[in-house]
Each structure stands twice: as C-alpha cells, then as structure tokens.
Amino acid sequence: MSQPSGPAQRSGVPLRLGIAGLGTVGIGVVKIVQRHADLLAARTGRPITITAITARDRTKNRDADLSGYAWVEDAVTLAQRPDVDIFIELMGGHEGAANASLRAAIASGKDVVTANKALLAHHGHALALMAEAAGQVIRFEAAVAGGIPVVKSLTEGLAGNGMRRVMGVMNGTCNYILTRMESAGLPYDQVFEEARQLGYLEADPNLDVGGIDAAHKLSLLAAIAFGTKVCFDKVELEGIGRISIDDIRRAGDMGYKIKLLGVAQMTGRGLEQRMTPCLVPMASPFGTLTGGTNMVVLEGDSVGQIVLRGPGAGEGPTASAVMSDVVEIARGTRLPTFGQPACTLVDPIPAKATAPAPYYLRLELLDKPGALAKVATVLGDEGISIDRMRQYGHENTSAPVLIVTHKTTRDAINHAINRLPSTNVVQDVPVAIRIEEV
Ligand code: NAP
Ligand code: HSE
C-alpha cells in the first residue's frame with residue numbers, strides 16, 4: 001500500500017522511492033541514497049529507500065549497484081506500484097513516458113519529484129492542478145539551474161516578497177560554449193562538437209543552443225515569482241547559434257562578455273520574459289561566469305537583490321537538488337507546485353520588453369563607396385542613433401562592420417534589420433545583441 005502523507009511520515013516509517021530514468025541524474029540519486037542513508041534518516045526521522053527502478057535498457061552497464069531494487073519494465077507500471085511512495089521522474093521529454101507516468105503516479109496517490117523542465121514548462125499548470133486536487137505534491141528543484149536551490153529560495157525563502165525581477169544564466173552548455181570559444185579562440189562549430197563529445201548537450205541539442213531549455217527554466221521561475229500560469233510559449237527567445245568568435249572578441253574589446261541571459265519581470269503592461277544573448281559588462285557578476293556555472297538573480301521588494309551561483313548541471317549537483325525535494329517530502333512539508341495553489345495562478349498578459357537599451361550590431365557590408373551611409377540612413381529613419389562604428393579588415397568584396405547604438409528598442413532594431421536588404425549593400429542577416437548593464 002502507498003503510505004498516507006501527514007504526521008505518520010515522520011514516525012520512522014521508511015519512505016520508498018521509485019526511480020524512472022537511470023542516466024546521469026538517476027544514477028546520481030541512487031548514489032546519494034546509498035552513500036547517505038544514515039544522514040538522510042537522521043535529517044528526516046525515517047529511512048529513505050529505493051524499492052523499484054526502470055530505464056529503457058535493462059542490460060546497460062550502469063555505474064551503481066542496482067541489485068537490491070525491483071526492475072520494472074515501464075515507467076507507468078513503476079508509478080503505480082503500491083511499494084512506491086515518491087515517484088521520481090528522471091527520463092526527460094515533455095510527452096510520452098514522462099508525461100504519462102507522472103499522471104499515473106498522481107492518480108495512484110504518489111508524490112512526484114522531477115528534474116524535467118520541458119515537461120513542466122509545457123504541462124506544469126495542468127499537472128499541478130491534478131496533483132493538488134488529488135492531495136499530492138510535485139517538486140522540481142532540479143529542473144531549474146541544477147544544484148542551485150533557486151526554486152526553494154523563491155517558494156520559501158522569499159515568500160514574503162513581492163517579486164520584481166528574475167534574471168539568470170541558466171544553461172550551462174551555452175555558457176560553456178561561449179566561454180570556451182573565447183578562452184580557446186575556437187569557432188562555434190568546433191566548440192559545439194566538443195560539447196557534444198563531453199556529453200553536455202541535451203539529446204536534442206537545439207534545446208540548449210536554441211535557448212529553449214533556458215526559456216523552460218525561466219518560465220517556471222516566472223510562474224512562482226509572479227503567481228502566473230507557466231507561459232513558456234510567450235518567452236521572447238533567441239539562441240546562441242549565430243554568435244561568432246569575432247562577436248566574442250569585439251565584445252571583449254569593448255569590455256563586455258556575451259551571455260545567454262534570461263529576464264522575467266512583471267510590468268504595468270504585463271509579464272515580460274526574454275531569453276536572448278546579451279552583452280554584459282566583463283566585471284559584472286554575470287560577466288565573470290565561466291563554463292557550466294549558472295547564476296540566478298532574484299529581486300524582491302523587501303529583500304532587494306539575491307544572487308545565487310553554482311553548478312547548473314551534472315550528476316552530483318542535479319541529484320543533490322532531487323534529494324532536497326525528497327527530504328522536503330519526507331519531513332512532511334507539502335507545498336503547492338508553484339508556491340501557491342494552482343487554481344489561484346492567473347493567466348499572464350504577455351508583454352514585449354520595451355525598455356530601451358544600447359545594441360551591438362554586426363553587419364557584413366559590400367565594401368564600396370556609400371555603403372555605410374545607406375546603413376546609417378536606415379538606422380536614422382528608425383530613430384536609432386549610432387554611438388560607435390568600426391569597420392574591420394575586409395575579405396574580397398565585403399567588410400564586417402560593427403555598430404554600437406545609443407539606447408533604442410528591439411522593435412526599432414528589428415524594423416531596421418528588415419529594411420536593410422533593400423539597401424543592396426548588406427550581405428547576410430545582421431547580428432543584433434542587446435547590451436545589458438546588469
Ligand atoms: P539521460 O542521462 O539521458 O538519462 C535518461 C534516462 O531515462 C536513461 O536511463 C534512459 O534509459 C531513461 N529513459 C528514457 N526514456 C525512457 C522511457 N521511455 N522509459 C524508461 N526509461 C527511459 O538524462 P539525464 O541527463 O539524466 O536527465 C534526466 C532529466 O533530468 C531530464 O529531464 C533532464 O532535462 C533533467 N536534467 C538533467 C540535468 C543534467 O545535468 N543531466 C540537469 C538538470 C535537469 P536508458 O539508460 O536505458 O537509455
Ligand atoms: N542542458 C542543461 C544545461 C542541463 O546545459 O544547463 C541542465 O538543465
């Protein structure tokens with residue numbers, strides 16, 4: 001029988017885990033449960049044990065002793081087992097087995113812990129409604145910023161604040177690629193391949209480099225911070241695929257680093273959410289981030305600014321976050337998924353970010369008289385004022401030109417970019433990156 005939640009949870013009765021997914025994170029969880037059995041029991045007042053596991057391939061050699069656990073052929077069956085109290089979903093994907101098994105677990109009276117940001121970004125509100133109606137909890141600390149306890153910080157530590165803004169570098173793979181391109185002077189394609197060899201990339205690499213994974217995370221934090229339904233499809237999104245080593249060098253010449261930066265804030269017009277490459281000052285906290293490290297900045301009306309920094313991925317850090325949720329449930333704490341009952345979360349009014357900022361523009365111009373003047377005319381027509389402009393060495397008939405604008409809006413930049421082909425001097429689509437003084 002599945003055990004009832006409540007005070008009985010703290011009475012020394014074992015808490016039984018079923019783990020679906022035995023990859024990087026799943027095996028990390030197994031190792032913590034095995035290594036820290038005494039510590040976990042001391043902290044929760046009850047033994048925490050694994051009863052059943054599943055993955056796709058039973059014969060795969062895994063870096064842990066799994067002999068004491070029942071192997072189950074599929075995740076839905078595992079989720080329904082009577083000897084499982086917490087169903088831990090570590091398979092990934094926002095449909096298929098992850099979605100089906102999570103629903104099966106809730107329907108069978110289990111609490112759920114997951115690291116699956118894609119699933120929650122797409123179905124978080126519906127799943128939270130279902131869980132809360134059934135009296136079950138869904139916790140997801142590991143889904144955002146790996147080992148950094150950002151979900152708990154927002155849900156618990158900052159619960160007394162009206163949240164103003166959430167910002168972050170939340171995809172370790174992108175940060176690794178950008179910093180490695182810079183430190184080794186290597187082109188994007190080569191570092192992307194390195195990241196693949198190192199096993200950093202998600203099964204679909206576009207989730208990382210397309211900014212989607214980081215946008216999933218941002219949308220989950222925004223839901224908690226602003227009491228809204230998860231609104232991933234309205235995140236203004238741009239990946240890092242068009243950032244060149246030259247962009248990184250030129251940003252460096254101007255005292256900036258390029259980061260995939262997420263910002264979510266509630267304004268008078270509605271909820272702004274963007275995850276885009278930005279230039280940030282080299283000496284700023286975001287500018288000093290290297291490799292797979294993540295950083296999240298939380299701003300509340302009473303507390304001011306909190307900065308959280310740490311490993312955003314990997315076996316140990318992510319399993320650490322999963323176990324924090326297990327311990328929370330074992331202690332009898334039962335929080336609504338997004339920090340307030342799901343039925344009270346409101347539909348956000350999505351708003352485009354309109355706050356002006358300077359922009360970095362890289363254009364490939366035909367190297368002929370009058371070319372720059374034509375570009376300057378288009379920018380001027382759109383009300384964009386040029387702060388600095390520089391032409392770099394040219395190849396054949398074209399020359400890279402870098403323009404830094406005074407403060408302007410993304411809309412004005414987009415209008416200008418759409419008009420530039422009509423000048424017949426701009427080759428390729430220009431790269432435009434917001435300069436964020438954070
Ligand atoms: P992974 O190494 O690819 O492992 C996935 C595991 O799920 C594998 O054991 C796989 O089985 C199993 N699996 C996949 N589809 C399945 C299915 N239909 N039925 C049963 N088992 C299935 O992935 P991971 O890196 O551990 O990530 C797991 C989750 O954590 C994902 O949601 C991911 O986004 C999230 N996450 C990961 C990290 C990280 O650093 N890796 C950080 C934060 C969050 P086989 O082993 O037999 O193939
Ligand atoms: N692919 C993700 C990253 C894993 O690189 O940050 C952690 O969520």
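Start with ligand 1: one of its oxygen atoms sits 2.7 Å from a polar backbone atom of Gly314. Taken alone, ligand 1 exposes 900 Å², and the protein buries 79% of that (accessible areas come from the Shrake-Rupley method with a 1.4 Å probe, and for residues only the protein chains shown count as cover). This is a predicted model, where local features need pLDDT of at least 70, side-chain atom pairs count only at pLDDT 80 or more, and totals for chains, interfaces and linings use all residues. Residues are numbered from 1 along each chain as its sequence is written, chains are lettered from A and ligands numbered from 1 in the order in which they are written, and side-chain values use heavy atoms, with hydrogens and water left out.

**Around ligand 1**
- The shell holds 22 residues, and the closest are Leu22, Val25, Asp57, Arg62 and Gly314 (a residue is near a molecule or strand if one of its heavy atoms lies within 4 Å of it).
- By class, that shell of ligand 1 splits into nine nonpolar, seven polar and six charged residues (Ala, Val, Leu, Ile, Met, Phe, Trp, Tyr, Cys and Pro count as nonpolar, Asp, Glu, Lys and Arg as charged, and the others, Gly among them, as polar).
- A polar backbone atom of Val25 is 2.9 Å from an oxygen atom of ligand 1.
- Lys117 has a polar side-chain atom 3.0 Å from an oxygen atom of ligand 1.

**Around ligand 2**
- Lys117 turns up here too: the residues surrounding ligand 2 include Lys117, Gly172, Glu202 and Asp208.
- On the backbone side, a polar atom of Gly172 is 2.8 Å from an oxygen atom of ligand 2.
- On the side-chain side, Glu202 has a polar atom 2.8 Å from a nitrogen atom of ligand 2, and Asp208 has one 2.7 Å from a nitrogen atom of ligand 2.
- Ligand 2 has 260 Å² of accessible area on its own, and the protein covers 90% of it.
- At least two residues of this shell come from each of α7 (172-184) and α10 (212-226) (helices are DSSP runs of H or I with at least four residues, strands are runs of E with at least two, and both are numbered from the N terminus).

**Strands side by side**
- Strand β7 (residues 163-169) has five of its seven residues buried, so it is largely enclosed by the rest of the structure (buried means under 20% relative accessible area, exposed over 50%, partly exposed in between, with a 1.4 Å probe and protein chains only).
- β7 and β11 run antiparallel, joined by six bridges (two strands pair if DSSP finds at least two bridges between them), and Met167 has Val297 in β11 as its bridge partner.
- β7 also runs antiparallel to strand β9 (residues 256-267), with four bridges, and here Gly168 stands opposite Gly262.
- β11 (residues 293-300) pairs with β12 (residues 304-311) in the antiparallel sense over eight bridges, and a hairpin of three residues joins them.

**A buried glutamate**
- Glu436 comes in the segment after β16 (426-435), and is buried, with a relative accessible area of 9%.
- The side chains of Glu436 and Arg274 make a polar contact at 2.9 Å (a polar contact is a pair of N or O atoms within 3.5 Å; within protein, one must be able to donate a hydrogen and the other to accept it, and residues adjacent in sequence count only if both atoms are side-chain atoms).
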